[in-house]
Number of protein chains: 2
Amino acid sequence: MREVAIIGVGVTKFGELWNKSFRAIGIEAGMKAMEDANLSGSEVDGIFIGNMSAGRFINQQHIDALIADYSGMAARNVPATRVEAGGASGGVAFRQAVMAVASGMHDVVLVGGAEKMTDLDDVAINSVMDATADADWEAGMGVTFASLHAMIAQRMIHEGTATREEIASFAVNSHYHGALNPNAQFRKAITLDTVLRSGPVATPLGMFDCAPISDGAASLVLCPLEDAKKYTDSYVKVSAVTQASDTLSLSQRSDITSYGATVAAAQAAYRQVGITAQDIQVAEVHDTYTVSGIMALQDLGFFNKGEAGKAVLDGQCQIGGKIAINTSGGLKARGHPIGATGVAQVVEIAEQLRGSADKRQVENAKYGLAQSTGGMGSAVTVSIMEAI
Amino acid sequence: MREVAIIGVGVTKFGELWNKSFRAIGIEAGMKAMEDANLSGSEVDGIFIGNMSAGRFINQQHIDALIADYSGMAARNVPATRVEAGGASGGVAFRQAVMAVASGMHDVVLVGGAEKMTDLDDVAINSVMDATADADWEAGMGVTFASLHAMIAQRMIHEGTATREEIASFAVNSHYHGALNPNAQFRKAITLDTVLRSGPVATPLGMFDCAPISDGAASLVLCPLEDAKKYTDSYVKVSAVTQASDTLSLSQRSDITSYGATVAAAQAAYRQVGITAQDIQVAEVHDTYTVSGIMALQDLGFFNKGEAGKAVLDGQCQIGGKIAINTSGGLKARGHPIGATGVAQVVEIAEQLRGSADKRQVENAKYGLAQSTGGMGSAVTVSIMEAI
């Protein structure tokens, strides 16, 4: 297998982008990434797109072809592939693209993640998102994503592995960083009190425990590591991209306060690189809800069970702390256009490792990690990138 | 890159399977393929699923996780990836799986294609299918898939490259073979008159020019070619899998009687294998409509432009003719559960090349080809398999 490098990154602003179409934001992110990699476009020989449900959000399937077409690359018949894995769509698309370059089937690959969610009303949006839960045994019974996450939070509090305040503090951490990110949907720091007093969604979770509904796109350019210098001096190495599955339904798990797929994917990734969790200085984790952020920190091995919440509340996950978590603002503050999220996470880690993260820059980071989850941790990707 | 083999195949019966759920047919095809490859299941380390729109057909996204879960493989955290490319979803999933084995990232991979379409009413089904056309410039204007294909047929007749009778004869060829396939949705041979006198859909196309709405699933097991003998003596080599894109909208093409993506993918595939179209003895082409079947025969290089229709009408595409086309019955007679189709095509070619096609067996075939198209030829995969 060939080693793979990230040579270009691009993101749109995330938010309620009512004046921009799906194709417009997809192309904007892709153009930024190609420009960043000093490409004209003619070098690209493959496209991979993470998208959760354009078929339902904007009534457009086959957005692989749409992106190939509107980027002008269909004129050269460049193959484009759309991947879906619920919330992990972007992470899985990134993994397919890495595989394409590693295998030698492609040389210069554009990865895109995009979602346009705000064109539907809130009820319809939630119906689409709930479709990543088990349609027969969960969503069909009236369970929502928020209530499933609320059950996890209740269980954590019951077991004494996190307090309500510790869980809530994850949103404070995300907003602290989001305020520093010009492309974030929410750019305001908040207090713990704001989270605790926010309108109830599913007890104990309130509105500020939940990632927003967003539009946005993110993009990366990959090539063989040995060719990276031909394009740019500013690149990072992809050291591992692993993926693992778990049951679709949360009800089938023996323990709902840990995602087995995150644990499995993380362990495989650390093994591949020959490092441990303690070697990671900066990470983007999938905080669809505050509680999933807390779980991720433990499942990835950054903290022992019962200690992640304390660490976040204590400020240890801010830039300058023990480990910088979600410097982009995470799903909560940067925003969560579902298919874009997994790609945007890798964009942030690449920016950190090459030193272009501006006010959010973590100093001297060697290894960065991105964790992307679909459904209730039913599919998880873990990617480790390395500074060159 | 490692060379790749197909060591197991499985298909469900295609048709209106009202008493079987999506997950049931997905698992049935997968179990058949694993049994065929003499696997217990524990050898599988990756899953790739082609599915067009379970999100809209059965309100279930994230069917990668669903299949990992219900196959029992989530218990081992086996990664599962869903790929969508409209009608080419199965073909693209097969290509991703080949890439996964070729790259060395996976060793034994299960490929699945599945769709459950008949739970919706006909209007809703057509709305989903039309979403693979351009939502803004085609589907949104009221154009349907049938009418787009009718325009192609009109143009062919106008240019004199096919007559109405020649186009219609493609369905006769498909039904002739479908009658020999125990898993086909329609197992009756038909006459040219049946097609010509069938109820009008979009002039000049009638009901018998159109592939049906179907439920069904198909599955393959892949491994490195050098390991194939460890599992079975009955395997075939994957010699090339190529993919190409074209514009999403038919209105952007300079010529609507040829799919540029099919031409590009086929030429790349022949080049990789070092053969020409004339070396292929058996092929499965994507006959969503009779007219797309005729186009495919020309775009793949089996016949010159203007000669494919004559050849089909003349019976040259039946088993025993110049080249055996759609021995499975094709999309028209075997059925067209969209995500399953591209995988089922490869199943049929593998059966032909290893000599297990029973009453449909083509004698002494060395090379077989499968062509899968999405949208209006906006994404095309061409796979060439070789007998060992």
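Predicted model: local features only at pLDDT ≥ 70, side-chain atom pairs only at ≥ 80, totals over all residues.

Residues are numbered from 1 along each chain as its sequence is written, while chains are lettered from A and ligands numbered from 1 in the order in which they are written.

Chain B is superposed on chain A by a rotation of 180 degrees with 0.0 Å of shift along its axis, at an RMSD of 0.0 Å (least squares on the C-alpha atoms of residues with pLDDT of at least 70 in both copies). The two copies are thus related as by a two-fold rotation axis. In chain B, the C-alpha of Ser103(B) is nearest the axis, 1.9 Å from it. Both copies use the same surface, since 100% of the contact residues of chain B recur in chain A (contact: C-beta atoms, placed from the backbone, within 7 Å).

Within chain A, helix α4 (residues 89–103) packs with helix α14 (residues 338–354) at an angle of about 55 degrees, their axes 5 Å apart. Helices here are DSSP runs of H or I of at least four residues, numbered from the N terminus; axes are lines fitted to C-alpha atoms over the stretch in contact, and angles run from 0 to 180 degrees between N-to-C directions. The angle makes α4(A) oblique to α14(A) (under 35 degrees is roughly parallel, over 145 roughly antiparallel, 65 to 115 roughly perpendicular and the rest oblique). Among the residues in this contact are Phe94(A) of α4(A) and Val346(A) of α14(A).

Within chain B, helix α7 (residues 164–178) and helix α11 (residues 290–299) pack at about 95 degrees, with axes 8 Å apart. That makes α7(B) roughly perpendicular to α11(B).

Conventions
Helix = DSSP H or I, 4+ residues; strand = E, 2+ residues; numbered from the N terminus. Contact = placed C-beta atoms within 7 Å.
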